[in-house]
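Here is a short report on a protein model. Have the sequence and the 3D view ready as you read.

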Amino acid sequence: MLQLLLFNVTNGLIIGAFYVLMALGLSLILNLSNVINFAHGGFLVVGGYIAYTITPYVGFWGALLIAPPLTAVIGLAIERVLIRPLYGRDPLYSLLLTFGLAFIFEDGTRFIWGAQGKPVTVPAILAQPLSNEFFFITGYRLFMVATVAVAVTLLFVLLRYTRLGIRIRAGTLDLETVSALGINVGMLRSLNFAAGIYLAGLSGVLAAGQLGLEPTMGAGLLMPSFIAIIVGGIGSLTGTLLGGLLIGVASGVTAVFLPAASEAIMYVLMAVVLLIRPRGLLGEEGMMT
Amino acid sequence: MSNQDTTRKLIALACIWAVLLLVPYWMPPLGGYTALGTRVLVLGLAAMSVNFLLGFTGVLSFGHAAYFGLGAYGAGLSLKFLAPSTSLSLLMGMLLGGLAGALLGTLIVRRRGVYFAMVTIAFGQVFYYIAFQWSSLTGGDDGLRGFSRQPLDFGLFSIDILSSTNNFYYFVLVCFAIVVAVMGFILRSPFGRTMLAIRENERRARFLGIPVERHIWIAFTLSCFFMGFAGALYALVNNFADPKGLHFSQSGDFVMMAVMGGMRSFWGPLLGAAIFVILQDYLSSVTVNWMSFVGILFVAVVLFFPRGLLGVIRSKSEA
């Protein structure tokens with residue numbers, strides 16, 4: 001029993017770490033540009049498939065390095081051409097546009113790579129379990145968590161200490177003033193969007209190694225990230241981090257006792273949080289409008 | 001409003017109803033079929049219910065398919081387990097959708113804008129998972145089957161709406177007319193005017209002493225009731241309830257219909273639904289990549305026709 005519980009808590013943390021990575025990208029874009037990026041799952045899938053395509057040439061490690069920035073470049077192009085005209089308009093429009101993009105991504109990946117699921121081979125060194133007793137902790141899972149930890153740390157360092165990061169945080173609070181101070185807001189938004197999509201691409205590569213690839217996987221992974229953001233508190237990246245881990249563990253633990261409810265528990269958690277603390281766990285007062 | 005405007009409006013209204021009444025006569029010769037008209041009517045009603053909130057209160061709900069789907073399941077379960085009565089099933093579907101909306105609305109209404117949208121999407125998915133997981137009751141992924149609409153029994157005579165598509169079309173049209181009349185009545189009432197005031201300037205409405213949150217909750221609940229009714233009708237159309245009807249991508253379709261037709265106008269969503277349904281019907285019969293085309297349609301409408309067809313027509317006629 002204890003081992004089962006441990007197994008599922010670990011599992012939950014690993015899944016949670018993964019949700020965190022996705023939710024942070026969504027959250028970055030949402031906070032600065034007020035855009036709910038419905039196509040985030042689509043970008044994840046694209047990142048995964050790019051990794052799948054280039055792995056035979058550059059290996060898994062190469063793909064891990066190359067695929068996310070390539071995804072970010074695609075994201076940048078889309079932001080420039082399609083999303084930029086919508087800033088300042090009702091958020092409804094960017095929501096509908098990215099919604100349509102998600103359709104195009106799903107259908108496009110199916111068209112290019114086929115509807116059949118594709119496996120991505122991970123290096124042998126990562127594929128083995130670390131010990132017999134804790135068979136479920138494979139090297140790959142540890143590696144996944146480590147990668148997420150590094151990425152999240154880098155993101156927070158970037159936001160805290162670099163000029164770009166400080167501008168992004170300032171823009172989140174008051175974009176107009178930031179613009180009045182002579183900062184190129186359009187550029188800021190583009191870079192911020194690209195950073196968010198980079199995280200989606202990275203999640204895609206990691207997910208490909210763990211789950212394999214399917215054109216439809218993006219939509220299924222999107223919703224937990226939404227919940228992570230709402231639970232953690234909109235406007236707070238630390239909150240998103242906390243929210244993602246929390247729902248991951250909650251659904252892991254529930255899987256022990258009531259497997260059918262492991263998905264539903266996230267929604268219950270969200271309802272409870274909204275009931276007790278409408279702005280989310282770490283959401284700021286001004287952000288709840 | 002000037003006299004001329006009123007006449008113009010009456011003429012437009014008469015045209016709309018004439019077109020709707022004569023669907024079984026003009027649709028088949030044009031290459032369509034009456035059942036397609038029925039679907040347009042039901043999905044149009046759903047899009048109008050979404051627009052009741054979106055266009056007239058200015059609140060973006062992106063999870064309304066949940067209440068639509070609940071209506072469908074409510075109607076189906078009522079026909080299957082409760083009593084073989086069409087009118088009861090409509091009532092049960094409407095109640096299920098509306099009450100769920102009223103309950104969740106209390107959690108949702110304190111937020112606005114994108115955050116409102118996010119919370120509505122996330123809550124909407126709850127019902128999708130329930131329908132998906134609870135397969136003993138709902139049929140899970142396969143959907144709820146094993147029920148069919150029943151003849152309308154008026155004591156002295158009964159009308160067969162199962163086998164005659166024309167009869168069923170007119171039945172749906174009558175239901176549609178009733179709900180649309182209620183909707184129009186609410187929008188003309190002082191309450192409806194208050195909704196518009198909130199849409200135009202929420203802060204000012206608040207300063208005037210209007211309890212904004214309560215009004216939004218009422219509008220949200222009402223639109224969920226309408227949505228549940230539309231969903232119940234949809235279950236009768238298909239004799240089937242599908243978990244996909246609860247999914248957030250269905251919500252996106254409804255919002256798209258409203259935007260495409262023109263969300264500032266009362267009839268716009270119906271026009272949007274007609275275009276959307278017919279286009280989807282056509283595309284899925286000619287290409288397997290219809291999803292891409294629908295996606296491109298979304299992108300194109302947002303970039304080039306954000307005010308929708310009726311919005312464009314109206315600004316042209318005013319210019």
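## How to read the model

This is a predicted model, in which local features need pLDDT of at least 70, side-chain atom pairs count only at pLDDT 80 or more, and totals for chains, interfaces and linings use all residues. Residues are numbered from 1 along each chain as its sequence is written, while chains are lettered from A and ligands numbered from 1 in the order in which they are written.

## Chain A

Chain A has eleven helices and zero strands. Helices (H or I, at least four residues) and strands (E, at least two) are DSSP runs, numbered from the N terminus. Along the sequence the pattern reads α-α-α-α-α-α-α-α-α-α-α. The radius of gyration of chain A is 19 Å, close to the 19 Å that the globule rule gives for 289 residues, so chain A is as compact as a globular protein of that length. That radius is taken over C-alpha atoms, and the globule rule is 2.2 Å times the number of residues to the power 0.38.

The C-alpha atoms of chain A fill a box of roughly 60 × 50 × 35 Å, taken along the principal axes. Of the 289 residues in chain A, 51% are buried. A residue is buried if 20 or more other C-beta atoms lie within 10 Å of its own, exposed if 12 or fewer, and partly exposed in between; the C-beta atoms are placed from the backbone. Take the contacts in chain A between residues at least 6 apart in sequence: 74% join residues at least 24 apart. Two residues are in contact if their C-beta atoms, placed from the backbone, lie within 7 Å.

## Chain B

Chain B has 15 helices and two strands. Its radius of gyration is 19 Å, close to the 20 Å that the globule rule gives for 319 residues, so chain B is as compact as a globular protein of that length. The C-alpha atoms of chain B fill a box of roughly 50 × 50 × 45 Å along the principal axes. Buried residues make up 47% of chain B.

## Two helices packed together

Helix α2 (residues 40-83) and helix α3 (residues 91-113) of chain A pack at an angle of about 150°, with their axes 11 Å apart. Axes are lines fitted to C-alpha atoms, for helices over the stretch in contact, and angles run from 0 to 180 degrees between N-to-C directions. On the α2(A) side, the contact residues include Gly41(A), Val45(A) and Tyr49(A). On the α3(A) side, they include Leu97(A), Phe105(A) and Trp113(A). By class, the contact has eleven nonpolar, four polar and one charged residue. Ala, Val, Leu, Ile, Met, Phe, Trp, Tyr, Cys and Pro count as nonpolar, Asp, Glu, Lys and Arg as charged, and the others, Gly among them, as polar.

Leu65(A) also lies in α2 of chain A. Is Leu65(A) buried or exposed? Leu65(A) is exposed, because 12 other C-beta atoms lie within 10 Å.

Helix α8 (residues 185-211) of chain A has 27 residues, which should span 39 Å at 1.5 Å a residue; its end C-alpha atoms are 38 Å apart, which agrees. The expected span is 1.5 Å times one less than the number of residues. In α8(A), 20 of the 27 residues are buried, so this helix is largely enclosed by the rest of the structure.

Helix α4 (residues 65-82) of chain B has 18 residues and should span 26 Å; its end C-alpha atoms are 24 Å apart, which agrees. Here 15 of the 18 residues are buried, so α4(B) is also largely enclosed by the rest of the structure.

## Where the chains touch

The contact takes 33 residues from chain B and 36 residues from chain A. Which helix gives the largest share of the side of chain B that touches chain A? That helix is α6(B), with twelve residues. By class, this side of chain B has 23 nonpolar, seven polar and three charged residues.

## Positive phi values

Most residues other than glycine have a negative phi. Asn34(A) has a positive phi, near 60°. Its place is the loop between α1 (2-33) and α2 of chain A. Asn34(A) is partly exposed, with 18 other C-beta atoms within 10 Å.

Asn239(B) has a positive phi near 50°. Its place is the loop between α11 (212-238) and α12 of chain B. Asn239(B) has 15 C-beta neighbours inside 10 Å, so it counts as partly exposed.
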